Amino acid sequence: MASMAEATDNAAGTRTLSEADFTVPLTERYFEDYTEGAVYEYGYASVTEPEIIEFARRFDPQPMHVDPEYAATGPFGGIIASGWHTSGLFMRLYADHYLSRVASLASPGIDEVRWPSPVRPGDKLWIRTTILATRRSRSKPDRGLVHTRGEMFADDERPVLTLVALNFLAARNPAL
């Protein structure tokens, strides 16, 4: 049997990076399972130049994302992924590994989105999640709000995205 660090999700092309993970799987994870201060790492995802260009043509058609000749002469020296594409890659890893399949209710938003360095074709990406705060709702005690610092890195440890995600999650024990 493979260790958690070696476990692979073939459908998503991702894997858990460390043995430290939640004590319950995504299909059994509720608000109470998200503990302030806990840190988890998950990966990997990558993107090709054609995928970067395809996304950008549809959603962010700036030359640095869609025109290889222009991009080669630009400030990044080649094609880079749109920040919104980078955010989508983060979300894939976040949903595949961190966010509950049974208790996720919605997100009221994301704060502090930053793209400190670009994603390039072939980068192998991984994420780190840190639970910053949890709070049971006073008006709806069947749920709580979790604030998570999300960070995504390229395989060379270069940070490519940081954010603070807010998620409403159903409580396992709503009467508490």
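What share of the contacts in the chain with a separation of 6 or more comes from residues 24 or more positions apart? Such pairs account for 70% of them, a contact being heavy atoms within 4.5 Å. Before we go on, a word on the ground rules: this is a predicted model, in which local features need pLDDT of at least 70, side-chain atom pairs count only at pLDDT 80 or more, and totals for chains, interfaces and linings use all residues. Residues are numbered from 1 along each chain as its sequence is written, and side-chain values use heavy atoms, leaving out hydrogens and water.

Along the principal axes, the C-alpha atoms fill a box of roughly 60 × 40 × 25 Å. Of the 176 residues, 44% count as buried, that is, under 20% relative accessible area with a 1.4 Å probe and protein chains only, while exposed means over 50%.

Now have a look at helix 1, residues 49-59, where Ile 52, Ile 53 and Ala 56 are buried. These three sit on the same side of helix 1 because they cover an arc of only 95 degrees around the axis, judged by the directions from the helix axis to the C-beta atoms. Their cover includes helix 2 (63-66), helix 3 (68-73) and helix 4 (83-97). Turn to the other side of helix 1 and you find Pro 50, Glu 54 and Arg 58 exposed.

Definitions and conventions: Helix = DSSP H or I, 4+ residues; strand = E, 2+ residues; numbered from the N terminus.
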